[in-house]
Amino acid sequence: SLFVTFATLGDRGMDASSLRLWIDGVDVSAAATRTPEFISYLPQADLEPGTVWIRLRGFDTAGNPLEYKWSFDISGS
């Protein structure tokens, strides 16, 4: 599963409804658990070997934008 926590100024948290999560360009936001403190997603099937690209966007409760992009590699068996 993918799990991301947030540390915001004054611990005010994120606007959970604004959080959007993409895996390899596919918006999985509707299937993710979104809270002011974290977002998590459990894929329905194993991710394929290779590079997995993640994009996360949203706003904190003060309206400040957040956008992160990163990748990780899954090795084949």
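This report describes the strands, the nonpolar core and selected residues of a predicted model.

## Basis of the description

Because the model is predicted, local features are given where pLDDT is at least 70 and side-chain atom pairs count only at pLDDT 80 or more, while totals for chains, interfaces and linings use all residues. Residues are numbered from 1 along each chain as its sequence is written, and side-chain values use heavy atoms, with hydrogens and water left out.

Strands here are DSSP runs of E of at least two residues, numbered from the N terminus, and two strands are taken to pair if DSSP finds at least two bridges between them. On that basis, an open sheet is formed by four strands in the order 3-2-6-7, with antiparallel pairing. Strand 3 (26-27) and strand 7 (65-74) each have a single partner strand, so one side of each is left without a neighbour in the sheet.

Within this sheet, strand 2 (residues 20-23) and strand 6 (residues 50-59) run antiparallel and are joined by four bridges; R20 has R57 as its bridge partner in strand 6. A charge is said to sit over a ring if NZ of Lys or CZ of Arg is within 6 Å of the ring centre and within 35 degrees of the ring normal, and the charged end of R55 is placed in this way over the ring of W22, 4.5 Å from its centre.

Strand 4 and strand 5 (residues 38-41) run antiparallel and are joined by two bridges, and I39 in strand 5 is the bridge partner of R34.

## The nonpolar core

A nonpolar core is defined as a set of buried Ala, Val, Leu, Ile, Met, Phe, Trp, Tyr and Cys residues joined through side-chain atoms within 4.5 Å; buried means under 20% relative accessible area, exposed over 50%, and partly exposed in between, using a 1.4 Å probe and protein chains only. The largest such core has 15 residues, and those with the most contacts inside it are F6, L21, I23, I39, Y41, I54 and L56. Strand 1, strand 2, strand 5 and strand 6 each supply at least two residues of this core, and strand 6 gives the most, with three residues. In soluble globular proteins, nonpolar side chains tend to be buried together.

## Selected residues

Contact means heavy atoms within 4.5 Å, and the contacts below leave aside residues up to four places away in sequence. F6 touches M14, L19, T35, P36, E37, F38, I39, L56 and L66. L56, which lies in strand 6, counts as buried because its relative accessible area is 0%, and its contacts include V4, F6, L21, I39 and W70. The C-alpha atoms of L56 and G10, 46 residues apart along the chain, are separated by 21 Å.

L47 is located in the loop between strand 5 and strand 6 and counts as partly exposed at 30% relative accessibility; L47 touches I23, V52, F72 and I74. S40, by contrast, is in strand 5 and is buried, with a relative accessible area of 17%, while its contacts are with L2, F3, A32 and T33.
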